[in-house]
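Student: I am new to this structure and would like to learn how to read its features. Please take them in turn.

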Amino acid sequence: MKRLNLPQYTFRYKEERGKKFIFDEVRAKFVALTPEEWVRQNFLRFMAVQLNYPKVLTGVEKMLKVNGLSQRCDILLYNRRGEPVLIVECKAPTVPVDSKTLSQAARYNTTLKVPFLVLTNGLTHYCIKTDVETGSFEALSGFPSFQEL
């Protein structure tokens, strides 16, 4: 898989019938190793190791309803009170992080109403602080640690 703009981590892999799988520590199971999954697993590890996000307060591919339609949020972080506080939208490294990516995360946020959105393709990362009440947002230069939520 492509080298990402994140620290390097060690993962567990397996291969079955010619398909590669990576172990997802949050979901506690092997999942198909796609370029987007590679980004998701690396970003999950980054959040756990560098930002101290507990795995037990992390959701992966969480189902939610947006305008009556079922959607899946790549990563959803919760605070100690169990409230959602951060959405991460992951893309494959070849997919640009652009206004479409932001629109997708913002669409999820119409339901979740979190204060932070993160957009990443493993090479480019953005963190956006949102104000659901006013609809305003600002780009941050880094990511909030779990203690800052």
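Tutor: Buried means under 20% relative accessible area, exposed over 50%, and partly exposed in between, with a 1.4 Å probe and protein chains only. Keep in mind that this is a predicted model, where local features need pLDDT of at least 70, side-chain atom pairs count only at pLDDT 80 or more, and totals for chains, interfaces and linings use all residues. Residues are numbered from 1 along each chain as its sequence is written, and side-chain values use heavy atoms, with hydrogens and water left out.

Student: Which side chain does E83 meet in a salt bridge?

Tutor: A salt bridge is a side-chain nitrogen of Lys or Arg within 4 Å of a carboxyl oxygen of Asp or Glu. The partner of E83 is R81, at 3.1 Å from N to O. R81 is exposed, with a relative accessible area of 63%.

Student: How many salt bridges does the count come to?

Tutor: The rule gives 13 salt bridges. Eight residues can be read together, because a network of salt bridges links D24, R27, E36, E37, R40, E61, R72 and D74.

Student: Where do E36 and R40 lie in relation to each other?

Tutor: Helices (H or I, at least four residues) and strands (E, at least two) are DSSP runs, numbered from the N terminus. E36 and R40 are four residues apart in helix α1 (residues 35–49), so about one helical turn separates them. Their side chains meet in a salt bridge of 3.8 Å, N to O. E36 is partly exposed at 27% relative accessible area, whereas R40 is buried at 3%.

Student: What is the N to O distance in the salt bridge of R40 and E61?

Tutor: That salt bridge has an N to O distance of 3.3 Å. R40 belongs to helix α1 and E61 to strand β4 (residues 58–66), so the pair ties together parts that are 21 residues apart in sequence. E61 is partly exposed, with a relative accessible area of 26%.

Student: What is the order of the strands in the open sheet?

Tutor: For sheets, two strands pair if DSSP finds at least two bridges between them. Here six strands form an open sheet in the order β4-β5-β6-β7-β8-β9, with mixed pairing. The edges are β4 and β9 (136–140), each with a single partner strand, so one side of each is left without a neighbour in the sheet. On average, neighbouring strands of this sheet are turned by 35° against each other, direction ignored.

Student: How are β7 and β8 paired?

Tutor: Strand β7 (residues 116–120) and strand β8 (residues 125–131) pair in the antiparallel sense over five bridges. V118 stands opposite C127 in β8.

Student: Where is K100 found, and is it buried or exposed?

Tutor: K100 is in helix α2 (residues 99–112). K100 counts as exposed, at 68% relative accessibility.

Student: How many disulfides does a search of the whole structure find?

Tutor: A disulfide is a covalent bond between the sulfur atoms of two cysteines. The test is a pair of cysteine sulfur atoms within 2.5 Å, and the search finds zero disulfides. For C73, the closest cysteine sulfur is that of C90 at 9.1 Å, too far for a bond. C127 is in no disulfide either, as the nearest cysteine sulfur, that of C90, is 13 Å away. C73 is buried at 0% relative accessible area, and C127 is buried at 3%.

Student: How many aromatic pairs are there?

Tutor: A pair of aromatic rings is described by the distance of the centres and the angle of the planes. Rings of Phe, Tyr and Trp (its six-membered ring) pair if their centres lie within 6.5 Å; planes under 30 degrees apart count as stacked, over 60 as edge-to-face and the rest as tilted. The count comes to six aromatic pairs. One of them, F43 with F143, is edge-to-face, with 5.6 Å centre to centre and 75° between the planes. This pair links distant parts of the chain, 100 residues apart: F43 is in helix α1 and F143 in the segment after β9. F43 is buried at 0% relative accessible area, while F143 is partly exposed at 25%. Ring pairs join F43, F46 and F143 into a cluster.

Notes
Axes fitted to C-alpha atoms, helices over the stretch in contact; angles between N-to-C directions.
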